[in-house]
Amino acid sequence: VGWNFRFSMRIKSIIMRIKTAESRPLKVAALLHEDVLASSLTLPMEILTGAAQALGQPAAKSVSIKYYGREAGPLTIQSDLTLLVESVDLLQSTDLLIIPAIWRQPLRVIRRHQKLINAMTTHLMGTGLTVSVGSGTFLLAETGCMAGQSATTHWHWFDAFAQRYPDVQLQRNQLITQAGKVFCAGSVNSVADLMVYLCSQLFSN
């Protein structure tokens, strides 16, 4: 998947709104649950912090990363990685919201995490960017905000996604899609490409 001129022009105005905000770290939030695929979370975060450090200053001065879940406290995900999360009830406006991929069954996660879906809905009504990875797009589509919009997900879930969300324009031949402020990456490898591109825009002078 290559980035073309049209793609760059579509995102330019969005990025400019973020970059012209008052001088402060880029606010990044990730929505977590027990069935998160760890690599779909850690890789985007490493790319973000690496890009910030490339500016020659500590990443904490350029990027503020917070994790949110259904309840506050330690959260152990499928890979046995434990993260400290804040309650999603405390999530306020953020520049970039990351929705990690789901390990195995997306519908099980949907049934358990309506609070996360509600938080996504609120975020989508604002001005921040959204990046959804792989099957995390099921949670994104569950908001109802993607009706008539382009999206993609992991290839294993194409048919199930199309059946559950017929109003979403599933792009089976695209590894990365954009619908306004919302980006979907079909896999962890694809989100790496997407994050490199977004960082080149967010952290450029």
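Select Phe138 to begin: does Phe138 count as buried or exposed? Phe138 has 1% relative accessibility, and since the cut-off for buried is under 20%, Phe138 counts as buried. Bear in mind as you go that this is a predicted model.

Now look at the rings. Searching the whole structure turns up 4 aromatic pairs. One of them joins Phe138 to Trp157, edge-to-face, with 6.1 Å centre to centre and 80° between the planes. Colour by secondary structure here: Phe138 belongs to helix H6 (residues 137-142), while Trp157 sits in the loop between strand S7 (150-151) and helix H7 (158-164), so this pair ties together parts 19 residues apart in sequence. Trp157 comes in at 18% relative accessibility, so it counts as buried too, given the under 20% cut-off.

Phe138 is in helix H6 and Phe161 in helix H7, so the pair ties together parts that are 23 residues apart in sequence. Phe161 is buried, as is Phe138.

Last stop, helix H5, residues 114-124. Which residues of helix H5 are buried? Pick Leu116, Ile117, Ala119, Met120, His123 and Leu124. Look down the axis: they cover an arc of only 160° around it, which puts them on the same side of H5.

How values were computed. Residues numbered from 1 in each chain as written. Predicted model: local features only at pLDDT ≥ 70, side-chain atom pairs only at ≥ 80, totals over all residues. Heavy atoms only, no water. Phe/Tyr/Trp six-rings, centres within 6.5 Å; stacked < 30°, edge-to-face > 60°. Helix = DSSP H or I, 4+ residues; strand = E, 2+ residues; numbered from the N terminus. Buried < 20%, exposed > 50% of the residue type's maximum accessible area, 1.4 Å probe, protein only. Arc of directions from axis to C-beta.
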